[in-house]
Amino acid sequence: MLRRFRNVARLGPVEVGTANDHRGQEKHTAACTAPRCGFSAEYDTRSAAELAARTHRCPAR
C-alpha cells in the first residue's frame, strides 16, 4: 500500500514524515537519505522519530 506522507521534515540526512498505516493509525517514519545507508524506522510518536533522526550516526557518510 502506498503511503502519503505529510508534515515531512529534514533533520540532517534523515527525513521524518507522518502517514496513516493500513489500519488508519498515525505512524511516524524516520529514514536516512544517504546512499547505501539503509536506516529507516517507524514510531508511534513524532517525538520518537525526531529523536531517532537527530541521534542517527550514518555509517555511509
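Glu26 is partly exposed, with a relative accessible area of 43%. In this predicted model, Glu26 forms a salt bridge with Arg6. The closest N and O atoms of the pair are 2.8 Å apart. Arg6 is likewise placed in the partly exposed class, because its relative accessibility is 36%. The bridge links distant parts of the chain: Glu26 belongs to strand E3 and Arg6 to strand E1, 20 residues apart.

The structure holds five salt bridges. Another of them joins the side chains of Lys27 and Asp44, with an N to O distance of 2.6 Å. This pair also connects distant parts of the chain. Lys27 sits in strand E3, whereas Asp44 sits in the loop between E4 and H1, 17 residues apart. The two partners fall on opposite sides of the accessibility scale. Lys27 is buried, at a relative accessible area of 14%. Asp44 has 59% relative accessibility and therefore counts as exposed. A further salt bridge is made by the side chains of Arg10 and Glu15, at 3.0 Å from N to O. Glu15 is partly exposed, with a relative accessible area of 33%.

The strands form an open sheet of four, in the order E1-E2-E3-E4. Pairing in the sheet is antiparallel. Strands E1 (6–11) and E4 (40–43) stand at the edges. Each has a single partner strand, so one side of each is left without a neighbour in the sheet. On average, neighbouring strands are turned by 20 degrees against each other, direction ignored. E1 and E2 (residues 14–20) run antiparallel and are joined by four bridges. Within this pair, Leu11 stands opposite Val14 of E2.

Helix H1 (residues 46–55) packs on the sheet. The helix touches E1, E2, strand E3 (26–32) and E4. The direction of H1 makes about 160 degrees with that of E2.

In soluble globular proteins, nonpolar side chains tend to be buried together. The largest nonpolar core here has nine residues. Its members are Val14, Val16, Ala30, Cys32, Ala34, Cys37, Ala49, Ala53 and Cys58. E2, E3 and H1 are the elements that give two or more residues to this core.

Leaving aside neighbours within four places in sequence, Cys32 is in contact with Pro13, Val14, Cys37, Phe39, His56 and Cys58. His56 is found in the segment after H1. This histidine is buried, with a relative accessible area of 16%. Beyond residues up to four places away in sequence, His56 touches Val14, Cys32, Cys37 and Phe39.

Thr29 lies in strand E3. At 16% relative accessibility, Thr29 counts as buried, because the limit for that class is under 20%. Its contacts, apart from neighbours within four places in sequence, are Arg3, Phe5, Glu15, Val16, Gly17, Ala41 and Glu42.

Arg4 lies in the segment before E1. At 72% relative accessibility, this arginine counts as exposed. Not counting residues up to four places away in sequence, Arg4 touches Thr18 and Ala19. Arg4 and Pro59 are 55 residues apart in sequence. Their C-alpha atoms are 28 Å apart in space.

The mean pLDDT of the protein is 92. A value of 70 or more is reached by 98% of its residues. By element, confidence is lowest in E1, at a mean of 94. Confidence is highest in H1, at 97.

How values were computed
Residues numbered from 1 in each chain as written. Predicted model: local features only at pLDDT ≥ 70, side-chain atom pairs only at ≥ 80, totals over all residues. Heavy atoms only, no water. Pairing = 2+ DSSP bridges. Axes fitted to C-alpha atoms, helices over the stretch in contact; angles between N-to-C directions. Contact = heavy atoms within 4.5 Å. Core = buried A, V, L, I, M, F, W, Y, C linked by side-chain atoms within 4.5 Å. Buried < 20%, exposed > 50% of the residue type's maximum accessible area, 1.4 Å probe, protein only. Salt bridge = Lys/Arg side-chain N within 4 Å of Asp/Glu carboxyl O. pLDDT = per-residue confidence, 0-100.
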